[in-house]
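Here are my notes on the model, point by point. Please read them with the structure open.

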Amino acid sequence: MKHYFKKNMILLFSTIILTGLIGFELILPCQTAAVVDGTTIENELDESQLNENIPDEGLDEGGLEGEELQEEEPIVIDENMKFAYLTFDDGPSPKVTPQILDILKEYNIKATFFVIGNLAEKHPDILLRIQEEGHLIGNHTYSHNYKEIYSHPQKLMADIEKTEEVFASILGTEYRRSRFVRFPGGSFGEKLRPFRQAVEEMGYTSIDWNVVNGDAEGMHVSPKKQLIRLQETLQDKKEAIILMHDSNTKQTTVDALPDLIEYILSQGYIFNTLEESRF
Ligand SMILES: [Zn+2]
């Protein structure tokens, strides 16, 4: 009897322990789930809802973003981006142009040089350097003689074409003909309309400016004055085409250039050549 009782007791304890263990293992997770039901399930639902939406979109976006970044980064233009196009007219000159090229190299900035044909003939080495250092060469006529070129649209065209021949003969096969022409004195005004039309019919783009450093407003305009003129005319323009000069008399333009560049950079501009512009 005693033995039977003992045996039963062992069985009972074993059952209790086993039940306890199973209960612990089986029930406890349920209880845990139940305890956090209120929040966990909701959270899980939220997550699953999010998971239904976010992973799909998220993956797509992630995938697209990755591709877009790789493929389109160089051409994506943020609406808020501002571009500055430094343009230097009336060179090349042996005294000033090389100094300007040195400064541009230091800042790793590419600019546009509107070159006069007859000066290119005199200083072919400087024209070559402009090209070799990645700047854009634009056409600023052969003679820069207002009387001559503005006597008739055909005269202007002949002057421009002659300059192109000079460029091609100096720069050789590396030369990629630029479509940009800058009229000496600018192409503004009704009187020059037939001249603008003639140039455009030949496939060129006549380009003026909307910002100045004022280096043509006197013989030796001081760097301080140039910075003021730049600040007055820049005015947060989205596409700033900045007129400057690299003829031999423009040493103060060289002296001012680093400060002008620093100011333009401080205003959040990206420098580029006109080739990269939307003009
Ligand atoms: Zn000029």
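1. Just after H3, asparagine 108 has a positive phi of about 55 degrees. Keep in mind that this is a predicted model.

2. Now H3 itself. The helix spans residues 97-107, and its buried residues are Thr97, Ile100, Leu101 and Leu104. They sit on the same side of H3, because they cover an arc of only 100 degrees around the axis. Asp102 and Glu106 are exposed, on the face turned away from the buried side.

3. What do the buried residues of H3 pack against? Their partners are strand S1 (82-91), helix H5 (124-132) and helix H10 (251-266). H3 also belongs to a right-handed β-α-β unit, together with S1 and S2.

4. Strand S2 covers residues 112-115 and is buried on both faces. Thr112 and Phe114 lie on one side, Phe113 and Val115 on the other. S2 runs parallel to S1, joined by 4 bridges. It also runs parallel to strand S3 (residues 136-139), again through 4 bridges. Valine 115 takes part in both pairings: it is the bridge partner of glycine 91, and it stands opposite asparagine 139 in S3.

5. Next, the core. The largest nonpolar core has 48 residues. Those with the most contacts inside it are Ala84, Leu86, Val115, Ala240 and Ile242. Strand S7 (residues 239-245) supplies the largest share, 5 residues. Leaving aside residues up to four places away in sequence, alanine 84 touches Ala240, Ile242, Ile264, Tyr269 and Phe271.

6. Is lysine 155 buried, partly exposed or exposed? It counts as partly exposed, because it has 18 C-beta neighbours inside 10 Å. The residue lies in helix H7 (residues 153-171). Not counting residues up to four places away in sequence, lysine 155 touches Glu148 and Ile149. Phenylalanine 195 is 40 residues from lysine 155 in sequence, yet their C-alpha atoms are 9.5 Å apart.

7. Finally, the chain as a whole. It has 10 helices and 8 strands. Of its 279 residues, 29% are buried. Take the contacts between residues at least 6 apart in sequence: 77% of them join residues at least 24 apart.

Conventions
Residues are numbered from 1 along each chain as its sequence is written. This is a predicted model: local features need pLDDT of at least 70, side-chain atom pairs count only at pLDDT 80 or more; totals for chains, interfaces and linings use all residues. A residue is buried if 20 or more other C-beta atoms lie within 10 Å of its own, exposed if 12 or fewer, and partly exposed in between; C-beta atoms are placed from the backbone. Helices (H or I, at least four residues) and strands (E, at least two) are DSSP runs, numbered from the N terminus. The arc is that of the directions from the helix axis to the C-beta atoms. Two residues are in contact if their C-beta atoms, placed from the backbone, lie within 7 Å. A nonpolar core is a set of buried Ala, Val, Leu, Ile, Met, Phe, Trp, Tyr and Cys residues joined through C-beta atoms within 7 Å. Two strands pair if DSSP finds at least two bridges between them. A crossover is right-handed if, with the strands pointing away from the viewer, the path from the first strand over the helix to the second runs clockwise.
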